[in-house]
2 protein chains.
Amino acid sequence: MARGEKRPVTVHTLASHVGVSPAAVSTVLANRHEERRLAPATVERIRQAVRELGYVPNVAARRLRAHDPDVRHVELGILTSYEAPLFLISRALRELQRTVDQRTSPERRYSVSIDMYHAGRLREMPGLLNASRFNGVVITNTLPEDDAFLKATTLPYAVVVQGRRLANYCCVLETPGAGGRQAAEILLGRGCRQPAVVTPRLLTETTADRADAFAAAVRDLTGQGAVRVTASDFTPQAGSDALRAHLQAHPGCDGLFAVTDTLALGAFQALKAVGRRVPEDVAVVGVGDHEHAGYFDPPLTCVGPEYGTVVAEIMALLFNLMSRRRVNPTEVFVPPAVSHRRSA
Amino acid sequence: MARGEKRPVTVHTLASHVGVSPAAVSTVLANRHEERRLAPATVERIRQAVRELGYVPNVAARRLRAHDPDVRHVELGILTSYEAPLFLISRALRELQRTVDQRTSPERRYSVSIDMYHAGRLREMPGLLNASRFNGVVITNTLPEDDAFLKATTLPYAVVVQGRRLANYCCVLETPGAGGRQAAEILLGRGCRQPAVVTPRLLTETTADRADAFAAAVRDLTGQGAVRVTASDFTPQAGSDALRAHLQAHPGCDGLFAVTDTLALGAFQALKAVGRRVPEDVAVVGVGDHEHAGYFDPPLTCVGPEYGTVVAEIMALLFNLMSRRRVNPTEVFVPPAVSHRRSA
DNA sequence: GAAAGTTGCTAAATCGAGTTAGCAAACCCT
DNA sequence: AGGGTTTGCTAACTCGATTTAGCAACTTTC
């Protein structure tokens, strides 16, 4: 009985509980009992059972049954973590939508969805391993644990990874080292003497690379290291708090590289609060991952990759993988496109 | 033949094309041909056919077959339009994730996904009508066409609509009229004489209500109307352009209500470009739909509803609907929480 | 009182893929 | 030559829901 009770309620369970056939239950569930002339009393008994037993329909079964056999449905997903801000994927989403709209035809339809995993627990996402959820995915915002999982298992369908290098997958990422170095060049080129880099505490491969490349370039060019400012996370609030503390300890700070734009946004606030002008007193460089970086005050100078190129490459790889025109893992590097705006 | 060729390729198609049984094809697709001792030549022929015929697996069928019968899978979706900015739903997403994490148990798992429709074409979303995709959804960012569609058909599963009033669904929205009126009171209270309201060209029910309530309140309180500034859409760029034009025509403008925060962000830029100070020369009020409104410069005073309350109400309704504790449509109004910041 | 119609339900097939049990044929060994 | 083993594959069932065709039993009609 303990065993029996655990099994989820199906149409069949409901049917035998009420003492009718599954067909009758299904009729009621679809609200077609009038046209199929079920007795009102029976309908009520079935409804009662549905309520009592807490029936939850199996959407996979419904979909299999309901789909039009002349139309192929292709399911695409953008996989990101709950913890990453959604705006990070809005450009990828828009491009995927455009691509998909082009390829939609009467016999081939696409669905695009954004699916979230808990950062570091990608492996727990249902349907990933057994290929029962997607025909193709773009995976982004992974943590090292997720990367380890991906390295260990090659998923048996079209997968493109953004921002990481994994030998067994197609990957698209900014040219390693390039962004950080350019940020350093911009700041030092303006005459900054005490440049710092702000990072969140938890670093992804990309943010770590940006910070390291920045530090290395500063050391190369000046012989001195760059100060590292650690924020608790990547929210503006965290950036603001971290920078306030930093300015107390290093009042001479005159240049800042933020590895995410939200940190730069918080930094702006902290700088203005203590009366420093951007860029006159402190120059700031971001990476262009925020849609509205050009509307910050002052507009944020950015050294990130051109996201348009990144997402275009991702889509090309994804659709090539799905049509099996490309089979081998590839790495695509997108160089940073410097957006000179007012902040540096 | 034309008919036959149109039908999508299934395992069965592949099998008869190669001259083997579906079981053999399935074995190869799952990469289990070694342990099941298929002849290498056969494997190669099957692989070839998969490539040639462009086979796309049916994920619904896989899911039905692969799922663990002891675990009930509940599929939840947040439905938004491609055209609406993603950050609008980040709060709802976070709350849904929290709720779902609490309710997850060994015999009940939840999947959360964000699914997009083209604004005005919600009806085309696959699986919406036949309930073959979701066990429960939150629908948001609809256009009037979508609202009309929803009014016409009551979807047979748990649905909560955000920001619209539809008699046949559970709806959660800001108290009608409240935000616009408060914005008017704030601006007039500061002594503004020529208040204006910026809206995108395409109005949703919510943005229209905000603008109308604002105009009505201004008329009530001053006897004069409020000027309406129309931006091409709701991007900062559009807001900036619209405001530049408005300032040319109405140099005396001293107060602004933006029905979305992104428009306010663009307005800030236009105002600063022509040397107006915020709030000294022009006071600005937004609605708090942008995560970072508090980090704009100056921080944006907002009159929108408390999103925390909105999403909490949505989740309560959604789960009550799914457990059938509530069956009747309900309207929940969330009053605006005024965030007084520097911009007004 | 037989034909025709209505009421209220069910048996069985179906969707597409994966798995299990098992069957021939070929091969090996005494 | 007979028994056992390996090789290479297939028939048939399963997952959960929906639909179609159709069957009893009862009622109405002439």
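## Close-up views of a predicted two-chain model

**Figure 1. Domains of chain A.** Chain A is divided into domain 1 (2–65), domain 2 (72–174 + 310–334) and domain 3 (178–302), with bounds that come from an automatic or database domain assignment. Taken over C-alpha atoms, the centres of domain 1 of chain A and domain 3 of chain A are separated by 60 Å. This is a predicted model, in which local features need pLDDT of at least 70 and side-chain atom pairs count only at pLDDT 80 or more, while totals for chains, interfaces and linings use all residues. Residues are numbered from 1 along each chain as its sequence is written, chains are lettered from A and ligands numbered from 1 in the order in which they are written, and side-chain values use heavy atoms, with hydrogens and water left out.

Figure 2. Chain A is superposed on chain B by a rotation of 180 degrees with 0.1 Å of shift along its axis (RMSD 0.2 Å). That is the relation of a two-fold axis. The superposition is by least squares on the C-alpha atoms of residues with pLDDT of at least 70 in both copies. In the interface, 69 residues of chain A are in contact with 69 residues of chain B, contact meaning heavy atoms within 4.5 Å. Of the interface residues of chain A, 100% are also interface residues in chain B, so the copies meet through the same surface. The area buried between chain A and chain B is about 6500 Å², of which carbon and sulfur atoms give 55%; buried area is the accessible area (1.4 Å probe) that two parts lose on being put together, summed over both.

**Figure 3. Salt bridges between the chains.** The count between chain A and chain B is six salt bridges, a salt bridge being a side-chain nitrogen of Lys or Arg within 4 Å of a carboxyl oxygen of Asp or Glu. One of them pairs B:Asp70 with A:Arg7, the closest N and O atoms being 3.2 Å apart. B:Arg133 and A:Glu75 also form a salt bridge (2.8 Å, N to O). B:Arg133 lies in the loop between strand 2 (108–117) and strand 3 of chain B and A:Glu75 in strand 1 (residues 72–81) of chain A, so the pair joins two chains. Helices (H or I, at least four residues) and strands (E, at least two) are DSSP runs, numbered from the N terminus. Both B:Arg133 and A:Glu75 are buried; buried means under 20% relative accessible area, exposed over 50%, and partly exposed in between (1.4 Å probe, protein chains only).

Figure 4. The side chains of A:Arg181 and A:Asp220 form a salt bridge (2.9 Å, N to O). This pair links distant parts of the chain, with A:Arg181 in helix 8 (residues 178–189) of chain A and A:Asp220 in helix 9 (residues 205–222) of chain A, 39 residues apart. A:Arg181 is partly exposed, with a relative accessible area of 31%, whereas A:Asp220 counts as exposed at 59% relative accessibility.

**Figure 5. A buried aspartate without a salt bridge.** A:Asp289 lies in the loop between strand 9 (283–286) and strand 10 (301–302) of chain A. A:Asp289 is buried yet has no salt bridge, and the nearest side chain of opposite charge, A:Arg210, is 4.8 Å away. For charge, Lys and Arg count as positive and Asp and Glu as negative; His and the chain ends are not counted. Leaving aside neighbours within four places in sequence, A:Asp289 is in contact with A:Phe87, A:Leu88, A:Arg91, A:Thr260, A:Asp261 and A:Tyr307.

**Figure 6. Surroundings of A:Leu247.** A:Leu247 lies in helix 10 (residues 236–249) of chain A and is buried, with a relative accessible area of 7%. Not counting residues up to four places away in sequence, A:Leu247 touches A:Cys253, A:Leu271, A:Val274 and A:Arg276. A:Leu247 and A:Ala270 are 23 residues apart in sequence and 8.9 Å apart in space, C-alpha to C-alpha.

**Figure 7. Backbone features in loops.** Most residues other than glycine have a negative phi, and most peptide bonds are trans. The peptide bond from A:Val278 to A:Pro279 is cis, with omega near 5 degrees, and A:Pro279 is found in the loop between helix 11 (261–273) and strand 9 of chain A. The peptide bond from A:Asp297 to A:Pro298 is also cis, with omega near 0 degrees. A:Arg37, in the loop between helix 3 (22–29) and helix 4 (40–53) of chain A, has a positive phi near 55 degrees and counts as exposed at 73% relative accessibility.
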